[in-house]
Amino acid sequence: MVGINSRQMRAIRYCLMQPGLNPAKIAILCGGPDWPTSVLCGILGVPLRESMIGTAPVLVLYLAYTVLAGAFMLKTGGTCASDSVVVDVSVSPPP
């Protein structure tokens, strides 16, 4: 259950209701749990554009970590699990 009148929730509500994007709002959007933060933004009426742009830094971090992990795997001679998978896409005619 969400403690709507708790001190933390009041602080989060105050930060999310500020107009525009500020570091506090971006920190809440990126660092908060996905589903509760999204629901709270919807309940408070935070504009969708601000919510989407405010969560964009997370995408950059995920992309950078994924690319670096793949580069290090290739550098060490590692292989991907999908390298050994063979998919047969031939279609046989019906009998």
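Guide: Helices here are DSSP runs of H or I with at least four residues, strands are E runs of at least two, and both are numbered from the N terminus. Residues are numbered from 1 along each chain as its sequence is written. This is a predicted model, where local features need pLDDT of at least 70, side-chain atom pairs count only at pLDDT 80 or more, and totals for chains, interfaces and linings use all residues.

Visitor: Which helices supply at least two residues each to the lining of the second largest pocket?

Guide: Those are α2 (23-31), α3 (34-44), α4 (48-54) and α5.

Visitor: And which gives the most?

Guide: That is α3, which contributes 5 residues to this lining.

Visitor: New topic: how many disulfides does the structure hold?

Guide: It holds 0 disulfides, a disulfide being a pair of cysteine sulfur atoms within 2.5 Å.

Visitor: Is C41 buried or exposed?

Guide: C41 is buried, because its relative accessible area is 5%, and buried means under 20%, exposed over 50%, and partly exposed in between, with a 1.4 Å probe and protein chains only.

Visitor: What about C15?

Guide: C15 has a relative accessible area of 19%, so it is buried.

Visitor: Back to the helices, where does F72 lie?

Guide: F72 lies in helix α5, which covers residues 56-75, and with a relative accessible area of 56% F72 is exposed.

Methods: Side-chain values use heavy atoms; hydrogens and water are left out.
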